[in-house]
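Open the model in your viewer and keep the selection panel at hand. The stops below go from strands to a helix to a core.

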Amino acid sequence: MSLLEVKDLKVGFQAVDGLVQAVRGLSFSVEPGRTLAIVGESGSGKTVSTQAILGLLPEADISGTALFEGADLLKLGEERLRQIRGAEISMIFQDPLTSLHPLYKVGRQIAETIRVHDSGVGRAQARRRAVELLGLVGIPGPDRRVDDYPHQFPRGMRQRVMIAMALALNPKLVVADEPTTALDATVQAQILELITELQKQFGIALVLLTHDLGVVARVADEVIVMYAGLPVERADRRTTYYRPHHPYTKGLLESIPGSTGVRQGRLRPIPGRPPSVLAVPPGCAFHPRCEYAMPVCAAERPPLGRVTGDGDHASACWLPHQAIGLGAEAEAVRL
Ligand code: SF4
């Protein structure tokens, strides 16, 4: 059984003119110890999806199912959800300063996270665990740094503190939302390495949300690319990088500086911008930016269909596979 199985998740918000749909039907599953990367630009719905699943959007209109070890997170009461968040599912955010309290020492914050979920743990024991966690994530001199405030750590070290907090309760699943954005390339690589090492060590499942396909190149088992609230491509990491089908995925790959090994040509940024949730184009939402767009693309939305002869690879595009010259002799068909 999957650790987390999400089916047909839809998330909307009430606006002046009616319901605005930010996520329009997302399904995925996450297995214990595996990494799923959900990739998309701002507004693609990746963050909203996970926030909805974790009960962080009480004002949203949410439908679908999100089974975590068999229990539907979308139907649980706030108290049970609060217990699951942190203890069984934890989060790592892009900016640790928004999650760490600036006026409390980091050790106290980690210790309190432990004590809130387990009242049987005494202060001294929780502090010892905080020191242990800081050491585990590579903070030098953890028994000294446990009494420092968040601003006393450089940015990369603060992200390590966040990771320590996320691991404090031995979660089964960690959701990391742009955990390395805004870090320089060297620190970014170190943080990714740390996350994957700890994930392997403790058998944690990871859902990694990012706008950058380059970030997931070394860490993801499976990749879902989202655009305008919908998944447009789903494949294992290798297929995503070497045999992408959807023009949007291809565009993301071609706009990675330094390339990914897929092709070493010049950078080709995707023209235009992603649509606002208030004005999603009809048909394929990507059609105004797509160099392969055909008349059918503006009229009918392509379903997420399996790419024939390519395992579980799925793409939501009316193009036959070979048309974008990515090497596979396959064609998208309805699932
Ligand atoms: Fe481009 Fe049409 Fe495919 Fe959309 S369906 S990605 S517009 S070719």
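In which sense do β6 and β7 pair, and over how many bridges? They pair in the parallel sense, over four bridges. Strands here are DSSP runs of E with at least two residues, helices are runs of H or I with at least four, and both are numbered from the N terminus; two strands pair if DSSP finds at least two bridges between them. This is a predicted model: local features need pLDDT of at least 70, side-chain atom pairs count only at pLDDT 80 or more, and totals for chains, interfaces and linings use all residues. Residues are numbered from 1 along each chain as its sequence is written.

Select I92. Its bridge partner in β7 is A176.

Now show all of β6. I89 and M91 lie on one side, S90 and I92 on the other, and all are buried (20 or more other C-beta atoms, placed from the backbone, within 10 Å of the residue's own). In a regular strand, side chains alternate between the two sheet faces.

Next, select α7, residues 155-167. Of its 13 residues, 10 are buried, among them M157, R160 and L167. The cover over these buried residues includes β6, β7, α3, α4, α5 and α8, by contacts between C-beta atoms, placed from the backbone, within 7 Å.

Of its 86 residues, V39, I110, A164, V225 and Y227 touch the most other members. α7 gives the most to this core, eight residues.

Definitions and conventions:
The expected span of a helix is 1.5 Å times one less than its number of residues. A residue is buried if 20 or more other C-beta atoms lie within 10 Å of its own, exposed if 12 or fewer, and partly exposed in between; C-beta atoms are placed from the backbone. Two residues are in contact if their C-beta atoms, placed from the backbone, lie within 7 Å. A nonpolar core is a set of buried Ala, Val, Leu, Ile, Met, Phe, Trp, Tyr and Cys residues joined through C-beta atoms within 7 Å.
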